[in-house]
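Subject: Structure handover

Hello,

Here is the structure for you to look at. Please open it first, then read my notes below.

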Number of protein chains: 2
Amino acid sequence: MSELLLKNFRRHVVLTTQEEELVMLHFIPKKYRRRQYILQEGQMSRTENFIVKGLTRTYEVDESGNEHVISFGPEDWWVGDLYSFLSDSPSAVNIDCLEDTEVLQLSKASQEELFAKIPKLERFFRILIQNAYMSALARITSTLKKTAGDRYDEFVHKYPQIHQRIPDRQIASYLGVTAQSLSRIRRRMSTKA
Amino acid sequence: MSELLLKNFRRHVVLTTQEEELVMLHFIPKKYRRRQYILQEGQMSRTENFIVKGLTRTYEVDESGNEHVISFGPEDWWVGDLYSFLSDSPSAVNIDCLEDTEVLQLSKASQEELFAKIPKLERFFRILIQNAYMSALARITSTLKKTAGDRYDEFVHKYPQIHQRIPDRQIASYLGVTAQSLSRIRRRMSTKA
DNA sequence: CGAAAATTTGACATGACTCAACTGGAGTGG
DNA sequence: CCACTCCAGTTGAGTCATGTCAAATTTTCG
């Protein structure tokens with residue numbers, strides 16, 4: 001369980017055994033069922049959430065009521081609404097579970113306490129945001145440069161294990177096209193490629 | 001000149017006069033002409049660039065040779081290719097100037113020296129990236145939720161001073177549509193709104 | 001001024017969306 | 001085991017928006 005989280009930390013920072021124990025004390029394990037919300041629009045995002053098991057989906061709803069998937073969160077990923085978390089303002093996003101999901105939650109107070117006691121953790125979270133930022137930029141340029149079909153391919157090859165667990169309609173939403181369009185795109189690609 | 005940079009720092013961090021002087025010593029002023037490149041695809045991005053005056057444009061070129069604008073950089077903004085800067089790999093982006101532009105450049109070595117001498121600067125750059133990340137996320141959701149016309153409106157209202165200085169064809173590229181489409185969108189909007 | 005770039009417009013093809021119906025599989029309850 | 005429902009996925013037909021190619025016009029820049 002918690003070993004996965006420690007491994008995640010060790011990617012960017014070296015912690016002593018005592019420090020690791022202190023870190024773990026601040027994370028609260030929580031279980032969610034398939035279809036259950038971790039965060040709903042209008043709520044405050046008061047925790048950073050590390051996914052131990054399962055799969056989440058972060059999405060927003062537009063004026064017409066259509067859902068738009070912002071990201072997926074499989075095991076070993078961090079999910080949450082950073083904007084709401086940092087600014088203490090109500091979130092505009094929903095996070096729900098595509099599978100039964102287990103998370104480890106870190107509250108803001110805990111995070112600040114950990115920063116005070118183990119300063120190198122600030123570095124860890126900085127790198128986390130840095131990587132998230134570069135992913136976001138890569139997604140923007142991918143949207144500008146590539147067709148929906150190419151981006152579907154990209155998604156499948158980038159997350160080979162995960163895409164099988166996500167219904168195509170959710171991937172379509174993530175790519176910014178309708179499920180019907182993606183279905184037709186897939187058919188065209190399977191005949192040509 | 002440098003006062004603008006200090007003001008930029010003061011938004012997120014408090015520096016003593018001595019610290020401010022030390023910081024300024026590490027920034028190298030540089031001037032570029034309109035149409036001149038600050039960074040070209042394939043080069044290493046070895047500096048963080050603070051724009052003192054002028055306007056830059058960061059873009060990538062796809063396989064068909066089409067340019068796709070990733071971002072604009074007016075006065076008081078930071079531009080560069082973070083990925084190349086951090087990973088010491090050749091950049092995929094081009095940065096050129098839409099106007100004669102003056103920048104203050106911070107090399108990686110200088111940045112690290114400053115981090116060592118003034119640790120709170122790490123905090124400053126973390127916040128910079130945090131904000132950039134949230135902007136990138138906002139752009140992604142905007143692309144998913146809104147039409148090109150709405151995003152044009154959004155752009156114009158978000159950057160009222162700047163959009164007048166940017167040719168519409170560049171804004172079209174930033175929005176992910178052709179210049180012709182944006183022209184038609186604008187016409188439709190001016191008659192309806 | 002003269003050249004280059006930006007914008008607009010037209011005509012046409014293409015691609016995506018919408019609405020709707022149908023298929024097939026997973027899960028449920030009798 | 002079967003009938004039923006629910007949901008994801010597919011397919012069809014029609015509509016609309018956008019891209020492409022091309023040309024005319026206006027603006028900007030050297």
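**What I found**

In chain B, B:Phe50 stands opposite B:Trp78, which lies in S6(B). This is a predicted model: local features need pLDDT of at least 70, side-chain atom pairs count only at pLDDT 80 or more, and totals for chains, interfaces and linings use all residues. Residues are numbered from 1 along each chain as its sequence is written, while chains are lettered from A and ligands numbered from 1 in the order in which they are written.

**The sheet in chain B**

S6(B) pairs with strand S3 (residues 47-53) of chain B. The pairing is antiparallel and runs over two bridges. (Two strands pair if DSSP finds at least two bridges between them. Helices, H or I with at least four residues, and strands, E with at least two, are DSSP runs numbered from the N terminus.) Both strands belong to an open sheet of four strands, in the order S1-S8-S3-S6. Its pairing is antiparallel. The edges are strand S1 (28-32) and strand S6 (78-79), each of which pairs on one side only.

**Two copies**

The same surface serves both copies: 100% of the contact residues of chain A recur in chain B.

**Where the chains meet**

The contact takes 21 residues from chain A and 21 residues from chain B. (Contact means C-beta atoms, placed from the backbone, within 7 Å.) On the side of chain A, strand S5 (67-74), helix H3 (82-87) and helix H5 (120-145) each supply at least two residues. H5(A) gives the largest share, 14 residues. By class, this side of chain A has eleven nonpolar, five polar and five charged residues. (Ala, Val, Leu, Ile, Met, Phe, Trp, Tyr, Cys and Pro count as nonpolar; Asp, Glu, Lys and Arg as charged; the others, Gly among them, as polar.)

B:Ala136 touches A:Tyr133, A:Ala136, A:Leu137 and A:Ile140, not counting residues up to four places away in sequence. The largest nonpolar core has 44 residues. Among those with the most contacts inside it are A:Ala136, B:Ala136, A:Phe50 and B:Phe50. (A nonpolar core is a set of buried Ala, Val, Leu, Ile, Met, Phe, Trp, Tyr and Cys residues joined through C-beta atoms within 7 Å. Buried means that 20 or more other C-beta atoms lie within 10 Å of a residue's own, all placed from the backbone.)

**The DNA**

DNA strand C has 16 residues around it. A:Ser181, B:Pro167, B:Asp168, B:Arg169 and B:Ser183 come nearest. Here H8(B) gives the most, with six residues.

Best wishes

Key: Contact = placed C-beta atoms within 7 Å. Near = placed C-beta within 6 Å. Buried ≥ 20, exposed ≤ 12 C-beta atoms within 10 Å, placed from the backbone.
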